[in-house]
Amino acid sequence: MAFYGNHKHTLDAKNRLFIPAKFREGLGDSFILYSPKDQDCLYIYNEKDWEEISEEVIAIGDVDMQRYIFDDALSVEPDKQGRITVKAEFCKRVGLKKEVIVAGVGKRVEIWDAEKREAAMERAAARRDTFPKIHF
């Protein structure tokens, strides 16, 4: 399943965030929340896609790399209202404040601070002429 579109939501005082039903359908009952150290957003993967990533990382055989990647991943399950709790450390790392964008990006969902997402989209738009050409 490809994830696409974006939704504006609010991160509450307990770091709970609503994940849209359309995304939850493709993510499953539990999924992986990942905080890459070199990005300004969080990634969400369904368990199948995360398993493929994990197998690739493990196959490389670099224990330091495994520690670096797997340390920043955790399994989450939405509550009955469709919310997940985002670790405070993850919120701090990517600068999540109150206004948040939950966006589909192909095989993953991203969680962004709304202002940072706007800046990232402006950067992308500025270089759109360099994107590989596709036909659709």
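Reader: Which element gives the most to the lining of the largest pocket?
Author: A pocket is an open set of 1 Å grid points over the protein atoms alone where a 1.4 Å probe fits, with protein on both sides within 12 Å along at least five of seven lines; lining residues have an atom within 4 Å of a point. Here S8 gives the most, with three residues. S8 and H5 each supply at least two. Among the lining residues are Arg108, Glu110, Trp112, Ala120 and Arg123. This is a predicted model: local features need pLDDT of at least 70, side-chain atom pairs pLDDT 80 or more, while totals for chains, interfaces and linings use all residues. Residues are numbered from 1 along each chain as its sequence is written, and side-chain values use heavy atoms, with hydrogens and water left out.

Reader: How much space lies in the largest pocket?
Author: A volume is the space filled by probe spheres set on the points, joined across faces, edges and corners. For the largest pocket, that's about 200 Å³.

Reader: Which residues of H5 are buried, and which are exposed on the other side?
Author: Buried means under 20% relative accessible area, exposed over 50% (1.4 Å probe, protein chains only). In H5, Ala114, Arg117 and Ala120 are buried. They cover an arc of only 120 degrees around the axis (taken from the directions to the C-beta atoms), so they sit on the same side of H5. Glu115, Glu118, Glu122, Arg123 and Ala126 are exposed on the other side.

How values were computed:
Helix = DSSP H or I, 4+ residues; strand = E, 2+ residues; numbered from the N terminus.
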